[in-house]
Amino acid sequence: MADKYSADTIITETQKRISNAFDVFDHESNKTVDVREIGTIIRSLGCFPSEADLHDIIAELEEEEPTGFVRYEKFLPTMTKILLERKFRPITEDLLLQAFEVLDQQKKGHLEPEELTKYLTQEGEPFTQEEMDEMLSAAVDPDKNVILYKDFFH
Amino acid sequence: MGCGTSIAVENQTHPSETAIKAAILIQRWYRRYVAHLEMRRRYTWNIFQSIEYAGEQDQLQLSSFFSFMLDNFTHMNGNGPDLISHLLDSVVDPLTEEVRQLKYEQIVVPESYCGPRLSFPLSVTDTNALLSAFKEEQTLHGKYVLQLLYETKKFLKQMPNIIYLSTSYAKEITICGDLHGRLDDLLLIFYKNGLPSAENPYIFNGDFVDRGKKSTEIIIILFAFLLLYPDHMHLNRGNHEDHIMNLRYGFTREVMQKYKTHGREMLQLLQDVFSLLPLATVIDNKVLIVHGGISDKIDLDFLSTVERHKVKSALRLPKRSVDHLNVHANIRSSSRQSGRSRLDSPCSSGRTSRASRRRKKHITKQGSCSSSSSSSSSSSSVCSPRVSSRNTSRRPPPSPSLPSPTDVLQVPFLDSFVSLEPPEPPRDELERQQVVDILWSDPKNQSGCSPNSFRGGGCYFGPDVTQALLQKHGLCLLIRSHECKQEGYELCHNGQVITIFSASNYYEEGSNRGAYVKLGPELVPRFFQYQVSRSTRKLTLHQRVCVAEGSALRALKEKLYAHRSDLMAAFQQYDIDNTGRISTSEWAQVVESVLRLDLPWRTLRPRLARLGADGNVEYESCFEDISPGEPIPPVTPNLAETLYRYRTDLEIIFNIIDKDHSGQISIEEFRQTWKLFSSHLGVAVNDQTIDDMARSIDFNKDGSIDFNEFLEAFRVVHKLVIKEQQQG
């Protein structure tokens, strides 16, 4: 049947994508990755989980006695489900723009680095100093010393 | 836990709650962005490493070519200019030590030379002068280099194989890893950590030369400090302190280009200097420092008795070639029974590292393409010079048409006259194995000790091997280098092994950091990282990733280009209807099997090839934006490809033939070489094509080829780069 074939194909293709992404972090080529890389792998496959989401997933993936490694046999079914169910769907540009606009309370059209820092390092799932510094280095306009967030979007 | 709800709708919530939601959204988005960059950074790294490993594998191929050449020695005789006899021409260099020293003193340095003028014994003035000069891109005059090398050789002769140090006086010792000719990294280390001195001792753990462009400057600085502070500056030998490696990886070329008059003599001296470098350092009888690693056969007591200077190079001729030549009556056909017969055995099944999987594939491929190589494709085998201390008399060169009547095979390298002994007695073999293991081994995570048949020597040693050795000698830590690490250092084997690597941006700008480690009396390692940057402005993460990735992808595309015919043939096998498209799976499969690089091809596909409207891969698009430079007309695509693929090997062979390093070889020599090489490779190229090519390369029709120009012609050019240059 045409439907079944395409469903199977989708699953196979999905699993190959997962396998590929997994391999990039499988340093010893023994089908395991460091548990600390799981977030990166999941995100690089197009998902936008929160830190809390990740925490739950990792708890599911770890061994009975945590070894610090996650095995592919466990990762594959979990990740396949996540992708096929389209969990943690992408954040669209519109949404992201709205988010910046919300933070720009005075509707200036831009954000001061201190403003953004305050929100991102104190609220929600706070950034580490390193994350904040890195984001600022990319986001702050060097001449005006503000974040022209509208420029991020086309 | 979807994030599909719009935030603006919830107008009854308190503004700050909305703000919190906005913050979470941005955080979530940003982390995903960073992860995406990290993925790209990671596969970029994989690409560089895979290509490097593949390059090392090519070295084994070159070795088998040399074997092939020697095997066919007799066939070449009387067949036009004899390549092999050309190689066997003798060169005179019988200077005694005193004469040599006098000779150097008498070299006249012109008034116009404004670089440092060294005086021996060296002082701080000299080392400071050297550092300033090199920062200003000056070159040290050949006279001083020769004198420096000569003094270093004298000094090193009195050194033992293993140096024992202590961290008394509450001094911290700084240990640096591979530098590979990166002067900027050395200068950065000195800037951050201070110059070597009695209060600031250093250990440099090998691989000072090759790959980078300032290997000469690095060894000059290191040797100068060595002579200045013999008790506080220590150098371990690395696997690149080996003149055969230098031939391939750039140091030889660098020396010859910088020192046209004295280069050859420097290289001769360096052969000795390198082989006299100590093999290991031990701190406080607790920390062992070696360049590569260890094996289950290593014993420090035995190692300290080894005659290290006899192992000039880890690479050498396979035994069967020596037999075949039948030039010595005394050769015993007894095989090398001693120690390691494991070098001849294929890799064990226990290893599952990515590299080993690749190697398994490579070795079988290797065996099939070279008719003359036996299972010793796993052993490193290149024409080897090993100076025997017993061979003091000069022998007359063999005449071209007769096999040498003498009982040793003379194989000159860069006009250095050395001889290859018949198969070594067992003890010598054991000694050699210890040295090779120290210089070439790598740690692995699985237990056991298996041959590093990939690198061609040494082995992979597991945590149990480390544990056993450390226990045997009452040590607590092994520090080694030899492998590039993204963060400049890495711990393994439960913290018992530290890898320290000091060449930042080793593969490309932004590819990795460099690091050094400091040990104080409590022997707790402190790591310091750095990264040399071409630009003064700090690049963002995104920019760094893009630069490195761009470079890796270019390298990968060049590989694709170099195997174009094979790839197209394989693609077309899947494309029965000739649509020009195949599925992503099929594309990935073909590329992996032809290039033999274990990479995440599906992830890389978007960067390498286009998709058609139907979602399948337009396979020819992976050869776009790559084309050869000015081609030497007329060459068939196949020939161009092959030349491109083997250009590194060709360069090495040419370097050997071009004994005076003038950059020119005769057309006849070129013809012979190419004919030989292509027949060895099994590539069908007819004589007419070679002749046409040879003639057309000789642009000024003087009967000689500037092979640098020739190679330049086959350098691949990227259309994108050209476009940028035109617009830029």
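**Reading the contact between two chains**

Author: Start with polar contacts. Across the interface of chain A and chain B, 13 residue pairs are in polar contact, both partners being at pLDDT 80 or more. Keep in mind that this is a predicted model.

Reader: Which elements of chain A give two or more residues to the side that touches chain B?

Author: They are α1 (2-25), α2 (38-44), α3 (51-61), α5 (93-103), α6 (113-122) and α7 (129-139) of chain A. The most comes from α1(A), with eight residues.

Reader: What classes of residue make up that side of chain A?

Author: The side of chain A that touches chain B has 21 nonpolar, 11 polar and 15 charged residues.

Reader: Why is the pair A:Glu51 and B:Arg31 called a salt bridge?

Author: Check the distance. The closest N and O atoms of A:Glu51 and B:Arg31 are 3.7 Å apart. The cut-off is 4 Å, for a side-chain nitrogen of Lys or Arg and a carboxyl oxygen of Asp or Glu. Between chain A and chain B the count is four salt bridges.

Reader: How many residues does each chain bring to the contact?

Author: Chain A brings 47 residues and chain B brings 41 residues.

Reader: What is the area buried between chain A and chain B?

Author: About 4100 Å², with 62% of that area from carbon and sulfur atoms. Three residues, A:Val24, A:Ser29 and A:Glu134, supply 14% of the area that chain A buries against chain B, more than any other three.

Reader: Now for one residue. Why does B:Thr216 count as buried?

Author: Its relative accessibility is 3%. Buried means under 20%. Therefore B:Thr216 counts as buried. B:Thr216 lies in helix α8 (residues 215-228) of chain B.

Reader: What makes the link between the side chains of B:Thr216 and B:Glu254 a polar contact?

Author: Again, a distance. The contact is 2.3 Å. The limit for a pair of N or O atoms is 3.5 Å, and one must be able to donate a hydrogen and the other to accept it. The link between B:Thr216 and B:Glu254 therefore counts as a polar contact. Leaving aside residues up to four places away in sequence, B:Thr216 touches B:Phe251, B:Glu254, B:Lys258 and B:Tyr259.

Reader: Which residues touch the most other members of the largest nonpolar core?

Author: A:Phe75, B:Phe571, B:Trp587 and B:Trp601 do, in a core of 59 residues. A second, separate core has 56 residues, including B:Phe223 and B:Tyr516.

Technical notes:
Residues are numbered from 1 along each chain as its sequence is written. Chains are lettered from A and ligands numbered from 1 in the order in which they are written. This is a predicted model: local features need pLDDT of at least 70, side-chain atom pairs count only at pLDDT 80 or more; totals for chains, interfaces and linings use all residues. Side-chain values use heavy atoms; hydrogens and water are left out. Contact means heavy atoms within 4.5 Å. Buried area is the accessible area (1.4 Å probe) that two parts lose on being put together, summed over both. Helices (H or I, at least four residues) and strands (E, at least two) are DSSP runs, numbered from the N terminus. Ala, Val, Leu, Ile, Met, Phe, Trp, Tyr, Cys and Pro count as nonpolar, Asp, Glu, Lys and Arg as charged, and the others, Gly among them, as polar. A nonpolar core is a set of buried Ala, Val, Leu, Ile, Met, Phe, Trp, Tyr and Cys residues joined through side-chain atoms within 4.5 Å. Buried means under 20% relative accessible area, exposed over 50%, partly exposed in between (1.4 Å probe, protein chains only).
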